[in-house]
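Hello,

Here is the structure you will be working with. Please look through it first, then read the notes below.

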Amino acid sequence: QDQDRDQDGPQPEEADLRNEVLMFATNCPECNAAASTNMKLVQIPHFKEVIIMATSCDSCGHRTNEVKSGGATEAMGTRISLHVTDVSDMSRDVLKSETCSVAIPELDFELGMAIVGGKFTTLEGLLKDIKELVVSRNPFVCGDSGGADRLQKLAQFGQKLDRIMAGEMDVHLVLDDPAGNSYLQNVYAPEPDPEMSVEKYTRSFQQNEDLGLNDMKTEDY
């Protein structure tokens, strides 16, 4: 009976780790001052366990919120496509791993993998991050390099993102993660989501190369 009890559910050490926020000293990526990082294991419903790391700097006020997959690279890649039809879609949870690209075909836009680190946020939060990265912090906006035509296109792109977030623009959002570690909340779970498709695919040689998997020997282990 003791053996049966040991096999059921997480062990006490594991349960404690899931409930505990670990804190460790680090340096701010912006100003290099001493800062602290909080780390916590989080179980995402209908998906998997991830590690959320949040760094806060008291010196310059910089904050980061990063997500690392708690598990290994999946056997297949994942492509998630959501038809955004309503402002309520903005509250869907999104786990975008560091290996995931984000595309909005209607805007002819794609954000490659690793340009934005891993994030666990909402769809609105992800779009705000994209807007800040592409529009607000774009190096072409500053100085002499900011041509009027380019600035106008960036402004229009930002306005379109605002319309999507307000539920005024019908688009598709595509998360493509060769590592298979990204997730978009199905608000109908466990039933299928009529506005979302999830496709598993076999990675190409180049995708395995990008993930560093071709150099890893996985057989006979």
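Ser101 touches Glu110, Leu111, Gly112, Met113, Val174, Leu175 and Asp176, leaving aside residues up to four places away in sequence; a contact means heavy atoms within 4.5 Å. One of these partners, Val174, lies 73 residues from Ser101 along the chain, and their C-alpha atoms are 8.1 Å apart. Ser101 belongs to strand S7 (residues 101-104). Strands (E, at least two residues) and helices (H or I, at least four) are DSSP runs, numbered from the N terminus. Ser101 counts as buried because its relative accessibility is 11%, where buried means under 20% relative accessible area, exposed over 50%, and partly exposed in between (1.4 Å probe, protein chains only).

The model is predicted: local features need pLDDT of at least 70, side-chain atom pairs count only at pLDDT 80 or more, and totals for chains, interfaces and linings use all residues. Residues are numbered from 1 along each chain as its sequence is written, and side-chain values use heavy atoms, with hydrogens and water left out.

Next, helix H3. This helix covers residues 123-136, 14 residues in all, and spans 19 Å from its first C-alpha to its last. That is close to the expected 20 Å, which is 1.5 Å times one less than the number of residues. Its buried residues are Leu123, Gly125, Leu126, Leu127, Ile130, Val134 and Val135.

Last, Asn208, in helix H5 (residues 205-210). Why does Asn208 count as buried? Its relative accessibility is 18%. The side chains of Asn208 and Arg203 are joined by a polar contact of 2.8 Å, that is, a pair of N or O atoms within 3.5 Å; within protein, one must be able to donate a hydrogen and the other to accept it, and residues adjacent in sequence count only if both atoms are side-chain atoms.

Regards
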